[in-house]
Structures are given as C-alpha cells and as structure tokens.
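Here's a quick tour for anyone meeting this structure for the first time. Have a look at the picture, then read on.

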Amino acid sequence: MKPKKPQRPRRRTTWIDAHTHAYPPEIFADPVGWARARGEHQWAELVGPRADGRRSLQGFADRDTMLRAMDAAGIARCVLLGWYWERQETCAWHNAVMAEWVRAQPDRFSAFACVQPLAGAEALADLRRARDAGLCGVGEVFPAAQGFAMDDPNWENVLAWAAAEKLPVNLHVPEPAGRDYPGYVAAPLRDYQRLARKHPMVKFIFAHWGGLLPLLALNPAVRDDLRNVWFDTAASPLLYDKTVYRRVADAVGADKILFGSDYPLRVFPRQQSVPDFIRPLAEAQKSGLSKHELALVLGGNARKLLAR
C-alpha cells in the first residue's frame, strides 16, 4: 500500500484577515493565572471556564501554528491586534511580542499597538516605540472595559497622535442585544457615533460589525458621522447570521467592510476543537456578496486602509 502524499497547502491569495490576535506560549497553560498575576482581571474573566461548565471559546496558537492555519486557508496576511488591557505595562509587553512576530515574518504579519490611555505620557511614549518597531495602527481599544470615557483628555491625546501619524484605530464594539457571556461589558453605540463625528481625521475601525451601528446609517445623519469608519467582521458567527454581510454592504457599502476572523477565538465552537481560518472565510464567501465585493472585503479595503 502506497503511503499517502502529504496534503498540499492552498495557493496563497491576496486575502487579508484584519482582526486576529497573537499571544506567546508562556500563557497557554494557565491564561487565567497569568492574567490575575498581572492585574488583568477582565481578560481573566473572558478566558476562564464558563458558568455552564463548558470551556472558554478562547483558543491559542503560537506563530508557527498560526502560519500553518493561514496557509491551509490561503490567507496571505494577518493583522495582529493588541488587547484592551487594564495596565499599560501589559500593553507594552504585548506590543513587544507582536513586534517580534512582525520582524520574523514581515510578509505575513502586520500589527496594531495596544494602549491604556489612562497612563498618559507613558502610553504615548509606548505608542511611539511601537510605531518605531513597525506597528501600523492602534487597538483593539475598549474604553468601557479599560475604565475611561470617550471624551477623556488622555484618550483624545492618543487619537490626535494617531491622526497625525495617519494610523488607523480599532475599537471593540459590543453587541447591544443578545446573550450575556463572561466578561461582557455594555457600551452605548451613540458614544461611538459621537467619537467618529468629533474626530473626523481619525480612520476608525469599529470591530465586530460595530455592534450593527452601520445599519443605523440608513439615517442620513448617522451616515454622515460614519464617513471615517470601517467595520470588521470579527467573531461574526458567534453574533449574527451570515446575512449580516449583505445587510451591512447595502447600508454603508462593501468598501467599508474588513474581513476579520478573531483568530484564535473558536467562533464555530461546535465544529472547532482548535481555531482555524477556513470556516470564517467560507462563511464570508457564501454570504451573498458579489465577486467584486468579496475582493474588497477580503483584502482590497484593508490594503488601502493600511497603506501609509
């Protein structure tokens, strides 16, 4: 009997995943203990066991594992996002981790710097270091979970810096309705709308479909406020059915949508024992978007947005 030939990876495309995360192996064994030791209690709640006894949806993957998963799905590049950490020293540590990934594989990874704006001058200094290390955006930021208001002067200083540097800013936007889950923190959608209106020179990415804020763009006043906003699809299968692609494209245009898987989150928990890109990508491809629209969502928009 002849041995089976090894499965060849899919041909690499121009597809870009605009919302992924990178964590080093040192935290894989005990992420909750690691987080608590660092004073990151909100993340500890997110990655801990669920109240119903099921394991967390959070998965983990080192760099080589992630590259293999990208190759299996044909993903050309991933944008690594930071996390909305409570402490600036954790942000600085995470930015250094992501900078190492980018240095090792500049053809496959880009990265955004995480920040705790309440750290003031220290936060801005760390952002400058991250920029100098090759990071090309700011986020993921979540004011409601990090303990500051949308009009906090420290946060506005971060936004002014990002605008001057022409760096996009990614914000976590929770869904306003649905099931509760460990670590859920509510935040009014109107706060995000006001933020975009107040800072028209900042290129914002509102993650997780912007909590469906783009559907409110059917109101002309809202549409005007969101001219400088893009929306990523991260964790979409956990939140909405696949018709969300068509609905949002009709509301704000396919040129405002960025494909994001939220890897290594297990967004198809009943089908995934380990995270992958194949299932989220397949959902996007079967969402009813045209070939031209998919080309924008799966890479064209991100490539244009990240060009400096």
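Five strands make up an open sheet, running in the order 4-5-6-7-8 with parallel pairing. Helices (H or I, at least four residues) and strands (E, at least two) are DSSP runs, numbered from the N terminus, and two strands pair if DSSP finds at least two bridges between them. Keep in mind that this is a predicted model, where local features need pLDDT of at least 70, side-chain atom pairs count only at pLDDT 80 or more, and totals for chains, interfaces and linings use all residues. Residues are numbered from 1 along each chain as its sequence is written, and side-chain values use heavy atoms, with hydrogens and water left out.

- Strand 4 (138-141) and strand 8 (257-258) sit at the edges, each pairing on one side only.
- Strand 6 (residues 204-206) pairs with strand 7 (residues 229-232) in the parallel sense, over three bridges.
- Ile 205 has Trp 230 in strand 7 as its bridge partner, while Phe 206 stands opposite Phe 231 of strand 7.
- Strand 7 is covered on both faces: Val 229 and Phe 231 are buried on one side, Trp 230 and Asp 232 on the other. Buried means under 20% relative accessible area (1.4 Å probe, protein chains only).

**Two helices side by side**
- The axes of helix 5 (residues 121-132) and helix 7 (residues 153-165) come within 11 Å and cross at roughly 25°. These axes are lines fitted to C-alpha atoms over the stretch in contact, and angles run from 0 to 180 degrees between N-to-C directions.
- Helix 5 and helix 7 are therefore roughly parallel to each other (angles under 35 degrees count as such).
- In their contact (heavy atoms within 4.5 Å), Leu 124, Leu 127, Arg 128 and Arg 131 of helix 5 meet Asn 157, Val 158, Trp 161 and Glu 165 of helix 7.
- The residues of this contact between helix 5 and helix 7 divide into four nonpolar, one polar and three charged. Ala, Val, Leu, Ile, Met, Phe, Trp, Tyr, Cys and Pro count as nonpolar, Asp, Glu, Lys and Arg as charged, and the others, Gly among them, as polar.

**A loop residue**
- Phe 112 lies in the loop between strand 3 (109-111) and helix 5.
- Is Phe 112 buried or exposed? Phe 112 is buried, with a relative accessible area of 1%.
- Phe 112 and Leu 80 are 32 residues apart along the chain, and their C-alpha atoms are separated by 6.2 Å.

Technical notes:
Parallel < 35°, antiparallel > 145°, perpendicular 65-115°, else oblique. Buried < 20%, exposed > 50% of the residue type's maximum accessible area, 1.4 Å probe, protein only.
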